[in-house]
Structures are given as structure tokens and as C-alpha cells.
Amino acid sequence: MRGTHLRPAVAGYCVTVAELIRGGEPFGDVEDAIDEVADLTGEQKAALWLFAFSLRDQGEQQLDARAHLAAVQ
């Protein structure tokens, strides 16, 4: 039952995140907004972040991914 109860909240946040990304909000600000949501679990926030990341321009995604990879080597 718990998962069923939380799905509408996550779906609503997906709509908000999509609007932010499509509206040109800086990705860092979108990340901060996701982190500040108190009623989502860490796993839900991670999924929401991944969704937000997937909405970005593919070139920007690759640049960021490569930068993160280089930072952890």
C-alpha cells in the first residue's frame, strides 16, 4: 500500500521537474529543488534526479558525465 500512496507525489514532482528543465532552469537549481523535497525517499529523489538528467540536452549530459568520471579516477 505504501508504494501506491507515494506514486502520485512522485508523478507530480516529475511534472514540476520537466517544467523546470524545459523552462531553462539551471540544472544545479533543479538538483537543489529535488534535494529539498521532504516527502520523498532517497531512492525516489535519485529516480527524480535521473529523470531530470535525462531531459537535458544529450551533449550536456555527456560533458557532465565525463567530468564526473574524470573526477573519480
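Which residues does Y13 touch, not counting residues up to four places away in sequence? I began my notes with this residue, and found that Y13 touches V37, D39, L40 and L48 once those neighbours are set aside, a contact being heavy atoms within 4.5 Å.

**Ground rules.** I am working on a predicted model, in which local features need pLDDT of at least 70 and side-chain atom pairs count only at pLDDT 80 or more, while totals for chains, interfaces and linings use all residues. I number residues from 1 along each chain as its sequence is written, and side-chain values use heavy atoms, with hydrogens and water left out.

**Overall.** I listed four helices and zero strands for the protein, running α-α-α-α from the N terminus on; these elements are DSSP runs numbered from the N terminus (helices H or I, at least four residues; strands E, at least two). Of the 73 residues, 22% are buried, where buried means under 20% relative accessible area, exposed over 50% and partly exposed in between, with a 1.4 Å probe and protein chains only. Among contacts with a separation of 6 or more, I noted that 55% join residues 24 or more positions apart.

**Y13 and I34.** I placed Y13 in helix α1 and I34 in helix α2. Y13 has a relative accessible area of 24% and is therefore partly exposed, whereas I34, at 4% relative accessibility, counts as buried. Leaving out residues up to four places away, I34 touches V17, K45, L48, W49 and A52.

**The α2 and α3 pair.** I looked up how helix α2 (residues 27-35) meets helix α3 (residues 42-54): their axes come within 10 Å and cross at roughly 160 degrees, with axes fitted to C-alpha atoms over the stretch in contact and angles running from 0 to 180 degrees between N-to-C directions. The crossing angle makes α2 roughly antiparallel to α3, a label for angles over 145 degrees. In this contact F27, V30, E31, I34 and D35 of α2 meet K45, L48, W49, A52 and F53 of α3. I sorted the residues of the contact into seven nonpolar, no polar and three charged, taking Ala, Val, Leu, Ile, Met, Phe, Trp, Tyr, Cys and Pro as nonpolar, Asp, Glu, Lys and Arg as charged, and the others, Gly among them, as polar.

**Core.** The largest nonpolar core has ten residues, including V17, I34, L48 and A52; such a core is a set of buried Ala, Val, Leu, Ile, Met, Phe, Trp, Tyr and Cys residues joined through side-chain atoms within 4.5 Å. Helices α1 (2-22), α2 and α3 each give two or more residues to this core. Beyond its neighbours within four places in sequence, V17 is in contact with V30, I34, L48, F51 and A52.

Conventions:
Parallel < 35°, antiparallel > 145°, perpendicular 65-115°, else oblique.
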